[in-house]
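Open the model in your viewer and keep the sequence panel beside it. The tour moves from the whole chain to single elements.

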Amino acid sequence: MPGTPTGTPTGTPTAALAAAHAARRDPASWADAGPAVLVLGPVPAAELVLAAGLHPVELTADPVAGTPTLDALAGPVALGWRGRSLLEQVLVLGDRPAAVLFTGTTATDAGLYATVRELARTTGVPLPPCHHLDAPGLDRGSSARYRRHRFTEAMGWLGGLSGQEVTPERLRSAAEVVAARDALLRVLREERRSATPRLGGHAAAVARQAGAALGPARHHELLAALVAEDFRSSPTPAAPGERIVLSGSTQEDPWLYEVLERSGVVVLGAHEGGETGGWTDVPVDVVGALAERPVGWPGRPAADDGALVDHLVREARELAATTVVHVAWTGDEVAAWDAARLVAGAPEGLAVVTVSGAPSPARAEGLAADWATGGLRTPAPTVVVTPPTPTVPADGRRAGAGAASGSPTAGAARPRSRKVLTVSDEFSAHQREWFTDTTQRARDGEPFAVVAADYPHELLRALDVPYVVTQWWASIVGAKRLMASNAAALGSAGYDPLVEPYSTQGLASHLNDEQPWGGLPRPGVLGATLGTAPTQRIHTAWARETGARYLPVERSAEVRWSLSPTWWEDLRHDWDTALEPVRLDLLTEELAGVVRGLEEQTGRRLDLDRLREVLDLANEQAQANRQARDLLAEARPAPAGIVDTMPATMVPQWHRGTVWARDAARSLRDEIAGRVSAGQGVVADERVRLMWVGRGMWGDTALYQHLEDSHGAVFVWSMYLGLAADGYERQCAPDQDPLRALASRFVTMGDELRMPTWAGAWHVKEARLHGVDGAVAVADADPFVLRALEEAGTPVLRLGLDNTDHQGGAQAREALQRFVEGLGTAGTRAAGTVGTRAAGTVGHRAP
């Protein structure tokens, strides 16, 4: 960690700021400041903490520190290096702080809070009171009202902790303290951007980050002293030097500033989100202004594709910068997406350098060495991309992600799966006919939409708007081995093909003539729920490329500390009381906005009676799926495996709300019932029952049948029929709003599978219901789910493969055989020792 800059006199403001910076992660630095509240996440909240008479400590991630406490408690929690570092610090500090305030704008941010909540519930680890301030970032009225509610809620929580009510007067006074600090930070920022800066980027970053544990008032004192002395104690940047703008991932430590400036570069501005914004004038309505702040930064996840690029190009021009250095640290898919867009959109005369990998001092030093030798750059106007874009394997994953030496190539012949249910082929044939008819309607000029799986399809159904589901289309592309071709098309068009490849296949299909089933028509409407950080980037780019109208839906997070784990029982009839009203309010308003957009686009009007019919049909479909699931769970031998039930469930799900889909679900139930009555099983000698955890291997479903004949091992469960049985039914009484009932179906979408408190309990329930002997997990399976299964006595095999992996099949089959054979070992099932964290892992997911 950089300390006081060389040549800085001790006792100067620069030295004091450097000392505060070096100690900002040390609890001793805030031990005497009064009751401390740790503040985590991207949403500024110091004003709220100060107004409650508490001391805000902005916790920052440490990229190089280990996470032994977290590892011992939870194992490989999928939070990324930043989330893991923050969580480690929270766990180590225990109950020493007065409280922890988590903040977030995305589902990833909410996942950190959900992980802490689950660790507190399951391990008894000592923690102070915790709260999550959920502030999703779309710039519109419904989102602003929701954010305002959450800010007000956080104020009440903090006031309850301190015993000091957060009144408007106290909040305004706290905001004025923060505003005074922010004004000095702007002075530092403008000094850096001047023609002859007296303050370097590294010194400014140290001064800014030093306030993490000081609190705004003490931070203001030191900054004021630095400004008052005209930066005399701060090392002057080397001049003249190449003028650059730094952007991309947040720099938790100023290594990169230091090494670049050591090479003679002048870092004029950092546009990573942490240095911009802040108060200029404190308004009368402070809460309203706070609720608007998450939407101000063009690099935020909810910003449109290209917004940051336009901003950076303007900044570089105004500052006479010759280069933009854009950083995309490991796991930051928004920054990775923006990197490709910046390279593609940079004008003549502006060089672009992209940096990736894991943040560390060693990485920063290596970059400095490359810079000094010209390895990272060439004279403008050449645009440089570093490191080179990797070759994309056939499955569209990042290079090295679980591809085993000697594994079959994507083009190699693969075993075909065998189906025992007649409805499987019938449904597949119907899907092909439906797609042909739908695409022809679209090409004839009818409205046509492409929407995500977690989007409210029922609205499109009620308005008779034909649509295709993004994830279904990706499964077709993957099954036809066309992801590599699509990746090349994305890369050629200036998009990163490795950012959420499962979500970009529709965009790629517009850019690539080589498509299955005749390809997707140009959509008139695109729809997505903002469930992941890159979603807004992907879909606004897609809308621009196709001219489609994009109708996004805001995603909120579950912030309650205590939850009922039996959501599958609570939500069918009692959704209006089991869910937070504010979340239902937001999504109901969002759905009303979707309706308005669809009505404007199509010239049609939504009939609420028709919407009720669609909801009723979807509920009847869910009931039939539950009956089919229960039949399959109880029967010995299993009448069908997931090779059959996955497509036989999902094809009707894409038609949810139609008579055909309801009747198809009933046909699936009836055929399973007939096979049970006849004593027909997948194999006559069933010896092992398995569950598959995570997304399905749609491109290699024969994997599921690999050991049926030789070992009597049948995969009887996947999330597809399980969730169709438990996750969709929402009864809507005559006096209830059907739009609100529909909102209750989608406000939790994804939580059932990945929110630890819910997902673990549900998977354990399903494992017991089906009497499984073991579970096999793909890379995207939630670690808490796997741990819950193991603690319940179900051994787990972790296949470190993405569900789109078409190269690791041979190794996966070998591991599966070893796992199944190990299940026969005495005591194995009870102890859960096969396929635990120490064993049974195939490959690894690329960072």
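**The whole chain**

Start with a cartoon view: the chain's secondary structure comes to 34 helices and 17 strands. Helices (H or I, at least four residues) and strands (E, at least two) are DSSP runs, numbered from the N terminus. This is a predicted model, in which local features need pLDDT of at least 70 and side-chain atom pairs count only at pLDDT 80 or more, while totals for chains, interfaces and linings use all residues. Residues are numbered from 1 along each chain as its sequence is written, and side-chain values use heavy atoms, with hydrogens and water left out.

Now colour by burial. Of the 847 residues, 61% count as buried, meaning under 20% relative accessible area (1.4 Å probe, protein chains only).

**First stop: a parallel pair**

Select residues 36-40, strand β1, and residues 55-58, strand β2. They pair in the parallel sense over four bridges; pairing requires that DSSP finds at least two bridges between the strands. Pick Val39: its bridge partner in β2 is Glu58.

**Second stop: an open sheet**

Next, find the four strands in the order β10-β9-β11-β12, paired in parallel. β10 (467-469) and β12 (549-553) are the edges; each has a single partner strand, so one side of each lacks a neighbour in the sheet. From one strand to the next, the twist averages 20°. Angles run from 0 to 180 degrees between N-to-C directions, with axes fitted to C-alpha atoms, for helices over the stretch in contact.

Zoom in on β9 (residues 449-451) and β11 (residues 525-529), joined by three bridges. Ala449 stands opposite Val525.

Which residues touch the most other members of the largest nonpolar core? Select Leu459, Trp472, Leu690, Trp692, Val693, Leu789 and Leu816, out of 139 residues in that core. Such a core is a set of buried Ala, Val, Leu, Ile, Met, Phe, Trp, Tyr and Cys residues joined through side-chain atoms within 4.5 Å. Apart from it lies another core of 32 residues, including Leu48 and Phe151.

Finish at helix α28 (residues 719-726): eight of its eight residues are buried, so the rest of the structure largely encloses it.

Key. Buried means under 20% relative accessible area, exposed over 50%, partly exposed in between (1.4 Å probe, protein chains only).
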